[in-house]
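The exercises below go through one structure step by step. Try each task before reading its solution.

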Amino acid sequence: MRIGAHVDSADPLSEAAARAAEAVQFFLSDPQGWKAPQPREDADRLRAAEVDLYVHAPYVINVATLNNRIRIPSRKLLLGHATAAAEIGAKGLIVHGGHVNAGDDLAVGFDNWRKTFAYAAESGGFALPVLIENTAGGDNACARRLDALARLWDAVGEYEVGFCLDTCHAHAGGEELLDLVDRVKAITGRIDLVHANNSKDAFDSGRDRHDNLGGGTIDPELVVAVIRAAGAPAIVETPGGVDGQGTDIAFLRDRLGAGSPAA
Ligand SMILES: [Zn+2]
């Protein structure tokens, strides 16, 4: 099982080496901005790397919203990121589930997700797996709670859609981690990646503040159990840079290593 970290995008392979990470996730553009990703000078080196690469799409992307001025550029930015992420040999593009505004019909949001995949299919489909990630907050989210996730998958299930399970977002979003993998897989059929994070905030707080695995309000053994049950690679999106993330990776590797007791 490959364990890694979300790192700065300037030199992801050096960041991986510093943390003894087997996988890294990074942004290809400003996560708070609308700029399309630019070709990278290190694309050949990244493609040839032993380290598995994942790209996180910008946070501004919201393909579910009924607001045309956000939804249309979101689709374009997501498609552009998929192309750019495939060019560096990434295994997947992670994008948040998004939401509709208060008073708007969530059913339209799910259909907007379907249209996003239909729009991509018209131009040959996304160039790599798109992994929709569960989110922590909001009352109108497409992928905060599993009842919404089931409706989302009803809408997009005809396309090849992956799933990224974030343990902090699940806990803060109000989903118990115990047996969560089974309940998610009953809906999506798959978990492609785990974001292995602790949460600074309480269960169902709706807040999204990641903590190191040894801190926070989640029993770290539950995070381990989620990764083991998912059978998927794990990326820590935790604070503390090389030291903090390196410690989190070492903890997971120790607990998930051969011969460790089943959680
Ligand atoms: Zn995450």
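**Exercise 1.** How far apart do the end C-alpha atoms of residues 15-254 lie, and what percentage of the span is helix and strand?

*Solution.* The model is a predicted one, in which local features need pLDDT of at least 70, side-chain atom pairs count only at pLDDT 80 or more, and totals for chains, interfaces and linings use all residues. Residues are numbered from 1 along each chain as its sequence is written. The end C-alpha atoms of residues 15-254 are 20 Å apart. UniProt, in an unreviewed entry, lists residues 15-254 as "domain: Xylose isomerase-like TIM barrel".

**Exercise 2.** Find at what angle the axes of helix α5 and helix α7 cross, and which residues make the contact.

*Solution.* Helix α5 covers residues 146-156 and helix α7 residues 180-188. Their axes come within 9 Å and cross at roughly 20°. The two helices are therefore roughly parallel to each other (angles under 35 degrees count as such). On the α5 side the contact is made by Leu146, Leu149, Ala150 and Trp153, and on the α7 side by Arg183, Val184, Ile187 and Thr188 (C-beta atoms, placed from the backbone, within 7 Å).

**Exercise 3.** Describe how helix α4 and α5 pack.

*Solution.* Helix α4 spans residues 106-122, and α4 packs against α5 at an angle of about 35°, the axes being 8 Å apart. From α4, Phe110, Asp111, Trp113, Arg114 and Phe117 take part in the contact; from α5, Arg151, Leu152, Ala155 and Val156 do.

Technical notes: Axes fitted to C-alpha atoms, helices over the stretch in contact; angles between N-to-C directions. Helix = DSSP H or I, 4+ residues; strand = E, 2+ residues; numbered from the N terminus. Parallel < 35°, antiparallel > 145°, perpendicular 65-115°, else oblique. Contact = placed C-beta atoms within 7 Å. UniProt positions renumbered as here; feature names shortened; annotations may be inferred.
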